[in-house]
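Subject: Structure handover

Hello,

Here is the structure I promised, with my notes below it. Please look through both before you set anything up.

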Amino acid sequence: MKLKLYADRMSQPVRAVIIFCKKNGIDFEEIRVDIAKRQHLTPEYAEIIPMKQLPAIVDGRFKLFESHAILVYLASSFPGVADHWYPADVFKRSKIHSVLDWHHSNLRRGPTTIVRNTVLAPVLGRPLNPEAAAEGEKFLSASLSKIESVWLKGNGRFLLGGNQPSIADLSLVCDIMQLELLGETERNRLLGPYKEVQQWIENTRNATNPHFDEVHKILMKAKEKLQNPRMKGATNEGGGSDMKRTLHSRI
């Protein structure tokens, strides 16, 4: 029975799982769950995933949510997945888990907080919140500094000194990609001081293309709309209903 993946591609964790499946030749059925329409909160979806979260998978009778757990399961259960994604060596595997655990309470809080309280706020009908955005920038800056000083040391091209990506690389990079919604100027301001991080993002993109770019097309389309002067005016005047349908509650 084909793996079922419940997904909304505007979600960073969803994109990481889809890219991983495509890169590793895992056959799956992508089932769209539109968060903007609150489809993840329906009784029908709750019967599948009681926690009402995305992404989620169903593999036969086995059900799982949380992107990190899903990536671990896929890397461990499907034949043909290269060892570098989730190494059999217990020491290397434990290091990957340390990055993934750190991710949730550190880097994850940066891009999401910034985007929700700046460029996305008018679209969602919320006021701009410079204080919250500034707090998000603190989390982002501290996290990127840690990534460079702890996990991108040495000559390796990826986290933990590796020359090939792991599930941790893919998960963290997809999170940082959400900054694309801010536009080039703001994105460059935030990432500009972190040259090693920028190179690592590019390395991860190159290692997973063409799937990386294909899966991120929806993000780039949203970016174009958000940066469109006419759309900015519409959202500032309380309009922009099409963009609300595209982005509401997804990021």
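Start with Leu160, which is found in the loop between α6 and α7. Helices (H or I, at least four residues) and strands (E, at least two) are DSSP runs, numbered from the N terminus. The model is a predicted one: local features need pLDDT of at least 70, side-chain atom pairs count only at pLDDT 80 or more, and totals for chains, interfaces and linings use all residues. Residues are numbered from 1 along each chain as its sequence is written, and side-chain values use heavy atoms, with hydrogens and water left out.

**Backbone points to check**

Leu160 has a phi near 65 degrees, a positive value in a residue other than glycine. Its relative accessible area is 34%, so Leu160 is partly exposed. The cut-offs: buried means under 20% relative accessible area, exposed over 50%, partly exposed in between (1.4 Å probe, protein chains only).

Glu66 also has a positive phi without being glycine, near 75 degrees. Glu66 sits in the loop between β4 and α3. It is partly exposed, because its relative accessibility is 34%.

There are cis peptide bonds to note. One joins Leu54 and Pro55, with omega about -5 degrees. Pro55 lies in the loop between α2 and β3. Another runs from Asn209 to Pro210, with omega near 10 degrees. Pro210 is in the loop between α9 (195-208) and α10 (211-215).

Met51 is in the loop between α2 (43-48) and β3 (56-59). Its relative accessibility is 48%, so Met51 counts as partly exposed. Met51 and Leu124 are 73 residues apart in sequence and 24 Å apart in space, C-alpha to C-alpha.

**Annotated spans**

The unreviewed UniProt entry annotates residues 1-82 as "domain: GST N-terminal". UniProt positions are in the numbering used here, feature names are shortened, and annotations may be inferred rather than shown by experiment. Residues 1-82 are 35% helix and 22% strand, with end C-alpha atoms 22 Å apart.

UniProt also lists "domain: GST C-terminal" (unreviewed entry) for residues 89-224. That span is 68% helix and 0% strand, and its end C-alpha atoms lie 43 Å apart.

**The sheet and its helices**

Four strands form an open sheet in the order β2-β1-β3-β4, with mixed pairing. Two strands pair if DSSP finds at least two bridges between them. Which strands stand at the edges? β2 (28-32) and β4 do; each has a single partner strand, so one side of each is left without a neighbour in the sheet. From one strand to the next, the twist averages 20 degrees.

Strand β1 (residues 3-7) pairs with β3 in the antiparallel sense, over three bridges. Tyr6 stands opposite Ala56 in β3.

Helix α1 (residues 12-23) lies across β1 and β2, at about 150 degrees to β1. α3 lies across β1, β3 and β4, at about 135 degrees to β4. Axes are lines fitted to C-alpha atoms, for helices over the stretch in contact, and angles run from 0 to 180 degrees between N-to-C directions. Contact means heavy atoms within 4.5 Å.

**Aromatic pairs**

The structure holds five aromatic pairs. Among them, Phe62 and Tyr73 have ring centres 4.8 Å apart and planes at 35 degrees, so the pair is tilted. This pair links distant parts of the chain: Phe62 is in strand β4 (residues 62-65) and Tyr73 in helix α3 (residues 67-77), 11 residues apart. Tyr73 also pairs edge-to-face with Phe78, at 6.4 Å centre to centre and 85 degrees between the planes. Rings of Phe, Tyr and Trp (its six-membered ring) pair if their centres lie within 6.5 Å; planes under 30 degrees apart count as stacked, over 60 as edge-to-face and the rest as tilted. Ring pairs link Phe62, Tyr73 and Phe78 into a cluster. Phe62 counts as partly exposed, because its relative accessibility is 34%.

**Buried helical parts**

In helix α7 (residues 167-176), 10 of the 10 residues are buried, so the helix is largely enclosed by the rest of the structure. The buried residues include Asp169 and Asp175. At the start of α7, a side-chain oxygen of Ser166 reaches to within 3.1 Å of the backbone nitrogen of Ala168.

Ser143 is in helix α6 (residues 130-151). It is buried, with a relative accessible area of 2%. Not counting residues up to four places away in sequence, Ser143 touches Trp102, Asn106 and Leu107.

Best regards

Terms used
Polar contact = N/O pair within 3.5 Å; in protein donor to acceptor, adjacent residues only side chain to side chain.
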